Amino acid sequence: MSDRDMPLISRRNSLLWGGVTAGMLLGGHHLQAAGEAEPKELPQTPEEALERLYAGNSRFATGQSLAIHRDLDRVKQIANKQTPFAAFLGCADSRVPIEFVFDQGFGDLFVTRIAGNIASSENIGSLEFSAHGLQCKVIYVLGHSNCGAVKATLDGQEVPGQISGLFQHIRPAVKQSGGNLEVAITENVRNQATIIAESSPLISRLIQRKMLIVAGGVYDLATGRVTPLDPLL
């Protein structure tokens, strides 16, 4: 497969994450060091938005969270209008509060959550609204270590109620994993990000216009760190 034939999301994120990584290592212009004040203005590009997310997670994982935008004054400030800079598809797991993980607060992130962080049509519709209606710069799929939904799909045992309705979305990742849970979790993030980027014409157009990035990562429950996935495809 030539570079021209590679899916757009893969090419864009491969180039992007190389730049973000270099910025992190070299103290890039937009990336705030731990303990430094978060800028008040919103990120102007998808790259700046993604850098802000990773800078926030770095602060969180090193015990230096700024914990901004988490008081009643902020609640009152945004009561009439929200301007989040990034949107998330995350797992419903209680151990993964996304705003805390990325050291953000009220009004900063537009978050959808469902067990297994699966890209159902309803979730994609919400993410389309975040990108088109709210002009979010990033759509981020966040998986996490020891995910119960992925583990249940991998085990293949009978479950009560409608829980098994999640499995059809996760099975492709299980098939790719060779029976390894952590690999299945990673591949599930990749798969769901691909579905979001490629199944929605609205999101695809924004990616092509370089107004949006679809990215993904896996949160480690033990360390608090998010490991970005690159390339997504």
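Author: In this predicted model, the charged end of arginine 52 sits over the ring of phenylalanine 85. That term requires NZ of Lys or CZ of Arg within 6 Å of the ring centre and within 35 degrees of the ring normal. Here the distance from the ring centre is 5.6 Å.

Reader: How many aromatic pairs does a search of the whole structure find?

Author: Rings of Phe, Tyr and Trp (its six-membered ring) pair if their centres lie within 6.5 Å; planes under 30 degrees apart are stacked, over 60 edge-to-face, and the rest tilted. Searching the whole structure gives a count of five.

Reader: How are the planes of phenylalanine 88 and tyrosine 140 arranged: stacked, edge-to-face or tilted?

Author: Their centres are 5.3 Å apart, with 35° between the planes. The pair is therefore tilted.

Reader: Which strands does this pair link?

Author: The two residues are 52 residues apart, in distant parts of the chain. Strands are DSSP runs of E, at least two residues, numbered from the N terminus. Phenylalanine 88 is in strand β1 (residues 86–90) and tyrosine 140 in strand β3 (residues 138–144).

Reader: Is phenylalanine 88 buried or exposed?

Author: Buried means under 20% relative accessible area, exposed over 50%, and partly exposed in between (1.4 Å probe, protein chains only). At 0% relative accessibility, phenylalanine 88 is therefore buried.

Conventions
Residues numbered from 1 in each chain as written. Predicted model: local features only at pLDDT ≥ 70, side-chain atom pairs only at ≥ 80, totals over all residues. Heavy atoms only, no water. Helix = DSSP H or I, 4+ residues; strand = E, 2+ residues; numbered from the N terminus.
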